[in-house]
Structures are given as C-alpha cells and as structure tokens.
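Here are my notes on the model, in numbered points. Have the coordinates open while you read.

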Amino acid sequence: MNAVEIDQVSKSFRLYHERNQTLKSAIMRRRRSVHEDFWALKDVSFDVPEGSTFALIGSNGSGKSTLLKCLAKIYWPTSGSIRYNGRMAAMLEVGSGFHHELSGRENIYLNGSILGMSKKEIDRKYDQIVDFSGVEQFIDQPVKNYSSGMYVRLGFSIAISVEPDILVVDEVLAVGDAEFQEKCLQKFRDFRDEGRTVILVSHSMEAVRDMCDHAAWLNKGHLMTVGDVDSTIEAYLGGKGAHGAA
Ligand SMILES: Nc1ncnc2c1ncn2[C@@H]1O[C@H](COP(=O)(O)OP(=O)(O)OP(=O)(O)O)[C@@H](O)[C@H]1O
C-alpha cells in the first residue's frame, strides 16, 4: 500500500523580467507584463510506500522544497495530482505557522489547531509537546525571542503530536543541536515501527542513509531515480557531474 501517490506533478512559477515597477512604465507597456514560465517541477511521478522513511535528494534548485510544499498543500501543482492515504502533517520552514508576538504556549494552541487538532486534544498533549521540545523554561515568552533551534524544536514537537500517518519535514532539522537530532532520529524510528511514513529533504547523504530506506533524486525539476536509498544515493553521487548538477 502507498502512503502518497504523486502523479505527473508539474509546478511552474512566473518569472517577471520587468525591473521598472513604476505606474508610468506599466502604462507604457499597456499593462502587458513581461514574464516567462519557469518549471520548477516537470511531470514528476512516484509512490511513497506506507511505513517508509523517504528522502528527496538533489542539488540546489532541483525542486525538492517545491515538491515538499506541494505535498504539504502549501502550493497547488500546476498540473498533476497527489493522493494521500491517511492524515498528513508538515513541518517546513522555521517558524512557519507561528505568530511571533504570541508565546510558545499560545502558539502550541494556534499551530495545533491549524494542524487539525481540537482544543481538547491539545490540552491532553500539551505537557508531552513541551517536554519533547525542551523549551519549557521559555514557554510563556513570545516566540520572537526564541533562537532558530528553539523554534524548530517547538514546531517539530507540535507536528509529531498530531500523530500523523504521513509526516513531511524540510531540512529544518539540521538547525537543531545534536541532542535534538538524536531525539528526532528516535522519533522517526518509532514512526517507522508504528507503520507511519516520513518524507524529508536533506543534503546530508550520511543522514539520509542513517534515517531513510527509500529516496527520490530530483534534478532540474525532473525525477531522475527513485527506489531504495543506497542505489538512489549512488546514482545521485555518480550522476551529479553527468547532469550538470552543482
Ligand atoms: N515562489 C517561487 N517563485 C519563483 N521561482 C521559485 C519559487 N520557489 C522556487 N522557485 C524556483 O524553483 C526552483 C526549485 O526551487 P526549490 O526551492 O524547490 O529547490 P530545492 O531543490 O529545494 O533547492 P535547495 O537545495 O537549494 O533548497 C529554483 O530555481 C527556484 O528559484
């Protein structure tokens, strides 16, 4: 059974070339805008098996974060579709979904409800969220005073407390210290044992080998290889030069 089925997903962005943004220049152009469509993802199709820990790998600008954002429903694919089997929670950019003026405590309720938890559910899980994050001493401080590591700790703790069937995480974990990374690794192992699926992006092939059993290699928006983690990393490392990747 597949946790996620990605079917011919493409995503384009408009790149505007008009540097002069004044009203006069807009009138002179007769409101025509000068842009080109840039395809960050092109016809990407693969399945993510249920219970797998799945990495997206590839060089800078290859489309990993764009695909992750499509998976997290932050972006809508320009064409193609994504099917999910189960509840998905995402933890992407540092502090996304947080309100900077609110305290850690208030953000747990805000972020938890954005992720689909009821107030009752958050009440029940509150201590466990704070415990895992390790920021209890600062929980009543506005999060704008948090360090980036503290943000990630709290955001990640909230995301996993949703007990999602599918967890989507960006490279944000790299911001956490060694102790927190070890905690996350253990959490991913628990997830796997419970049959849950984790999809993550990383540039560290060592971390990917450690954490993941499957991987997909993206290059310039195209899927190059997908399969077990070792052969995908091998193809990526061997093929980087051949495909002009950085
Ligand atoms: N909102 C956007 N508007 C225009 N172009 C974008 C936008 N988001 C991403 N892109 C472009 O899409 C391409 C893929 O970007 P993406 O962030 O998905 O790459 P990535 O593989 O995650 O890179 P990195 O490893 O550097 O994080 C890049 O060329 C980027 O400039």
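1. Helices (H or I, at least four residues) and strands (E, at least two) are DSSP runs, numbered from the N terminus. Keep in mind that this is a predicted model, where local features need pLDDT of at least 70, side-chain atom pairs count only at pLDDT 80 or more, and totals for chains, interfaces and linings use all residues. Residue numbers start from 1 along each chain as its sequence is written.

2. Helix H8 spans residues 229–239, and its buried residues are Val229, Thr232, Ile233 and Tyr236. Viewed down the axis of H8, these fall within an arc of 100°, so they line one face of the helix; the arc is that of the directions from the helix axis to the C-beta atoms. As a reminder, an α-helix has 3.6 residues a turn, so residues three or four places apart point the same way. Ser231 and Gly238 are exposed, on the face of H8 turned away from the buried side.

3. What do the buried residues of H8 pack against? Their partners are strand E3 (53–57), helix H7 (205–211), strand E8 (214–219) and strand E9 (222–228). Contact here means C-beta atoms, placed from the backbone, within 7 Å.

4. Leaving out residues up to four places away in sequence, Ala159 touches Ala89, Ala90, Met91, Leu115 and Leu167.

5. H5 also meets helix H4 (residues 119–133): Lys125, Gln128, Ile129, Phe132 and Ser133 in H4 are in contact with Arg153, Leu154, Ser157, Ile158 and Ser161 in H5.

6. Lys73, in the loop between helix H2 (64–71) and strand E4 (79–84), has phi near 65°, a positive value in a residue other than glycine. Lys73 counts as exposed because it has 12 C-beta neighbours inside 10 Å. Lys220, in the loop between E8 and E9, also has a positive phi, near 50°. With 17 C-beta neighbours inside 10 Å, Lys220 counts as partly exposed.

Technical notes:
Buried ≥ 20, exposed ≤ 12 C-beta atoms within 10 Å, placed from the backbone. Contact = placed C-beta atoms within 7 Å.
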